[in-house]
Amino acid sequence: MIRPESASKHSPSSEASARGAAIYSQSWLLVIYDWWVLGIVSTYAWACSVPDYTLPWFRSNVRKGQHLDIGVGTGYYLAKSDLTGVQVTLADLNQDALDATKNRLVAEGKVKAEETTCILHDITRPLPESCPKFNSMSLYYLLHCMPGPVPAKTVIFSHLKHNLTADGVITGASILGKDVRHNLFGRVIMYFGNRGGMFDNWADNSADFDEALREHFDEVETQVRGAIFLWKASKPKV
């Protein structure tokens, strides 16, 4: 386990990120997350089926070698992927989420415990120097939970790109708040998610995300499915 620097050094944005991650300390949420968030909400609120869109997108962008999953949730995407030849590193602000994900992957035979690294870390800050270069990185359903407008969220790419191999890929999915049509169910989830501090994405839009990605990577591919922004980027500008 790699631990973060002292919490006393955290910025206000780091503290806001921590508040958003705190909900994952509730064991009941980890139990129902796959069914509720990735099943019901993704399909009917965001109009983006996980089996049809986000899971295939994830699977197609996991490379053999070193893979870093940031904001691990329950480990659903990794558990549903072929991890043969993949060395997994998990990074999250929440210890419960890290433990639950690692235990799940080990129990399902996806990884070996001794070969899986967990990093208790605020991704708004550079990764620990001990981290290797990664062949692939994933950030699924994370950016909409981070505080601030898109330029504040995407500053993470300015340091993550230095931890990506020259031929590596970074990929993710995030809920948009702007320039998409939310149905009634989606609007309700957006309202309570933002009011409760789990989301900060009313102003999140695909154009700003696309611009930020192209600032840091030479190759960028994006698409919007329902209210979900799917992206992948490669050839980091370093």
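**Notes on the sheet and its surroundings**

1. Strands E4 and E5 (residues 164–175) run parallel and are joined by six bridges. Within this pairing, Leu139 has Gly172 of E5 as its bridge partner. Strands here are DSSP runs of at least two residues, helices (H or I) runs of at least four, numbered from the N terminus.

2. A word on the source: this is a predicted model, where local features need pLDDT of at least 70, side-chain atom pairs count only at pLDDT 80 or more, and totals for chains, interfaces and linings use all residues. Residues are numbered from 1 along each chain as its sequence is written, and side-chain values use heavy atoms, with hydrogens and water left out.

3. E4 (residues 134–140) is largely enclosed by the rest of the structure, because six of its seven residues are buried (under 20% relative accessible area, 1.4 Å probe, protein chains only). E4 also runs parallel to strand E1 (residues 65–70), with three bridges between them; Leu68 sits opposite Met137 there.

4. Towards E3, strand E2 (residues 86–92) runs parallel to E3 through four bridges, and Thr89 stands opposite Thr117.

5. Lys112 lies in the loop between helix H5 (95–107) and strand E3 (117–120).

Key
Buried means under 20% relative accessible area, exposed over 50%, partly exposed in between (1.4 Å probe, protein chains only). Two strands pair if DSSP finds at least two bridges between them.
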